[in-house]
Amino acid sequence: MTGVIRWTGREVLLLRTAMRMTGRDFAALVPVSQRQLVTWEGRGESISLRPGNQEALDTLLARAGGAAQQRFAALLTERAAVEHDERAEELLRRDPRAVKHPGDGKVMVRVEEGIYLSGPADAPVWVDDFHIDVYPTTNLDYDRFVRITGHRPPRHWADGRCPDDLFDHPVVWVTWHDANAYAHWCGKRLPTSQQWEKAARGTKGRSYPWGDEPTAAKCNVAEAEIGRTTPVARYQSGVSPYGVFDLCGNTWEWCSTAEGGGRYELKGSAFTSPFERAAPSLRNAANATMQDNDTSFRCVSRL
């Protein structure tokens, strides 16, 4: 990606996030003062960096290493998709299955119709084709919904505004009704539990999105001892056969499948859950009015 990024304060913040560095350490590498870095990141799109700074950041990205470059590409793609930013179109073309939904601009992939192995007993179940969000709904996604519709913001947003340090984390403190309202607003739906499970396990009934090995390090569960949500593109090695992220750990996700009595199914487990609860075949449910710091959602569509 060297030489194709137009560096503004926004991209600088994304690169620092991808490299998982403090402001002081990152500023020393550019090199600029920490105060200058804070100014860049605070002004976001409104600031244009000098050619020398642009070249220094190009060099820093080129030397960042493959893992950090992948995280940066994923963060840039996710944010660009929300904002309909043409600068990341090339990144979106890496996967021919990927499309941007016209409603909220999120990246989605197609899950073909057919049979998959469902539940702990691996029962064969037919599911029609659908598209599913590659990433859970982030705070940044939900912020646009709140600003346009006036919907109630989540309780962890100070002054009702999306936290800058959580823009790429899954939105939490949302009820089933909040999740359904977002889906309806952008012309999508919440997935059925069967759609969600097929996107996670593929057609051959994998125990986990990445395969059959119980590897807790591939997801954000209690054993990781992180104790909070993580960026939705962090676990590159934990993606499903369809390239979908965070289908184990990080946050539980609301589904449209009703359990009766005002309860709906949840899938995926969370950073608060032990790994033994992370298998996509397992079932969970909660009252539609429940909201917590470990519950989020993603959407599906027929496009």
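How many nonpolar, polar and charged residues does the lining of the second largest pocket have? In this predicted model, the lining divides by class into 9 nonpolar, 4 polar and 8 charged residues. Together, 21 residues line the second largest pocket, and the space inside it comes to about 440 Å³. Nearest the centre of the pocket lie Thr17, Arg20, Asp168, His169 and Pro231.

Parts of the lining can be assigned to helices. Two elements, α1 (9-19) and α5 (66-83), each supply at least two residues of the lining of the second largest pocket. Of the contributions to this lining, that of α1 is the most, at 4 residues.

The helix α1 also packs against another helix, α4, which spans residues 51-62. Two packed helices are described by the angle between their axes and the distance between the axes. For α1 and α4 the angle is about 25 degrees, and the axes are 11 Å apart. Angles under 35 degrees count as roughly parallel, and α1 and α4 are therefore roughly parallel to each other. The crossing of α1 past α4 is left-handed.

Which residues meet where α1 packs on α4? From α1 come Val12, Leu15 and Met19, and from α4 come Leu57, Leu60 and Leu61. By class, the contact of α1 with α4 has 6 nonpolar residues, no polar and no charged ones. The lining of the second largest pocket, to which α1 gives 4 residues, includes 8 charged residues.

Conventions: Residues are numbered from 1 along each chain as its sequence is written. This is a predicted model: local features need pLDDT of at least 70, side-chain atom pairs count only at pLDDT 80 or more; totals for chains, interfaces and linings use all residues. Side-chain values use heavy atoms; hydrogens and water are left out. On a 1 Å grid over the protein atoms alone, a cavity is a set of points where a 1.4 Å probe fits but cannot get out, and a pocket is an open set with protein on both sides within 12 Å along at least five of seven lines; lining residues have an atom within 4 Å of a point. Grid points are joined across faces, edges and corners, and a volume is the space filled by probe spheres set on the points. Ala, Val, Leu, Ile, Met, Phe, Trp, Tyr, Cys and Pro count as nonpolar, Asp, Glu, Lys and Arg as charged, and the others, Gly among them, as polar. Axes are lines fitted to C-alpha atoms, for helices over the stretch in contact, and angles run from 0 to 180 degrees between N-to-C directions. Angles under 35 degrees count as roughly parallel, over 145 as roughly antiparallel, 65 to 115 as roughly perpendicular and the rest as oblique. A crossing is left-handed if the near helix is turned anticlockwise from the far one by less than a right angle, and right-handed if clockwise. Contact means heavy atoms within 4.5 Å.
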